[in-house]
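Q: Can we walk through this structure together? I am new to it.

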Amino acid sequence: MNETAAYVPPKVWKWEKENGGRFASTNRPIAGATHEKELPVGKHPMQLYSLGTPNGVKVTILLEELLAKGFSGAEYDAWLISIGKGDQFGSGFVDVNPNSKIPALMDHSGEKPIRVFESGAILLHLAEKFGAFIPTGTAERAECLSWLFWQVGSAPYLGGGFGHFYAYAPEKFEYPIDRFAMEVKRQLDVLDRQLADNKFICGDEYTIADMAIWPWYGALVLNKVYEAAEFLDAGSYKHVNRWTEEVGNRAAVRRGRMVNRATGPLEEQLRERHDASDFENKTQDKIEALEGTN
């Protein structure tokens with residue numbers, strides 16, 4: 001039987017090779033731009049630079065919910081940032097988000113453009129700007145923000161921890177998968193207990209806390225991320241599943257999940273969004289069908 005020698009960390013770590021896995025080419029231990037590339041700017045007040053990952057979907061759900069509620073100032077252009085191609089390291093994107101992660105937002109609605117990065121910050125900025133989907137009462141607002149930041153703090157264990165070692169790492173190892181599976185199941189139990197007594201995360205009101213949590217944990221129980229629903233026995237969290245279905249049936253949520261999506265069924269991919277009519281006319285299946293006729 002071959003035995004692998006135990007890894008002994010060096011005194012000083014050096015980046016000498018890619019670490020393998022699906023996203024190895026995009027990982028590096030330094031920040032900053034790798035190339036010059038300006039970002040496009042469309043016609044709407046909000047310019048979103050993103051990808052249809054769970055963090056990106058949080059923001060497009062909120063923008064679509066705001067538009068559905070009649071806030072015309074939330075009209076937006078959504079530009080696709082292909083992280084596999086390194087778009088997030090272009091100089092224009094780094095100017096908006098020095099951390100080189102999606103999503104990033106430029107708010108052009110005022111006298112001076114405002115950059116907002118980190119998905120939780122974008123949700124809070126937009127909710128406060130339009131006075132929607134965030135409670136106004138002191139106690140209710142505190143509860144909403146607590147759950148918003150719970151998600152921000154918990155997601156790295158789900159995505160970077162469990163998701164990486166279960167789905168993306170070049171090899172599967174029992175210890176990290178067990179470690180992070182245990183933590184993700186604990187998080188699902190936290191949500192299930194909260195939702196046992198509440199229609200939505202913070203009570204009867206649908207808020208940015210739901211919009212932040214659903215793309216991660218709702219997608220997880222629906223088996224739309226990591227294909228791990230069976231492994232995690234996600235069906236046993238009945239209150240999370242009930243909430244997942246209710247939120248997922250909202251028209252704005254269905255639209256938000258399509259924006260900047262570049263994987264999955266072509267009819268669910270709206271890689272760029274510039275007008276509401278794009279959902280009917282510019283999904284990838286229609287674009288490719290049109291290209292095939294030319």
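A: Helices (H or I, at least four residues) and strands (E, at least two) are DSSP runs, numbered from the N terminus. This is a predicted model, where local features need pLDDT of at least 70, side-chain atom pairs count only at pLDDT 80 or more, and totals for chains, interfaces and linings use all residues. Residues are numbered from 1 along each chain as its sequence is written, and side-chain values use heavy atoms, with hydrogens and water left out.

Q: OK, where does Glu118 lie?
A: Glu118 is in the loop between β4 (114-117) and α3 (119-130). Its phi is positive, about 80°, although Glu118 is not a glycine.

Q: Is Glu118 buried, exposed or partly exposed?
A: Glu118 counts as partly exposed because its relative accessibility is 39%; buried means under 20% relative accessible area, exposed over 50%, partly exposed in between (1.4 Å probe, protein chains only).

Q: And what about the phi of Asp233?
A: Asp233 also is not a glycine and has a positive phi, about 50°. Asp233 sits in the loop between α6 and α7, and counts as partly exposed because its relative accessibility is 44%.

Q: Switching topic: which residues does a cis peptide bond join?
A: Ile102 and Pro103, with omega about 0°. Pro103 belongs to the loop between α2 (91-96) and β3 (104-107).

Q: Last one: what does Trp243 touch?
A: Leaving out residues up to four places away in sequence, Trp243 has contacts (heavy atoms within 4.5 Å) with residues including Leu195, Phe200, Ile213 and Trp214.
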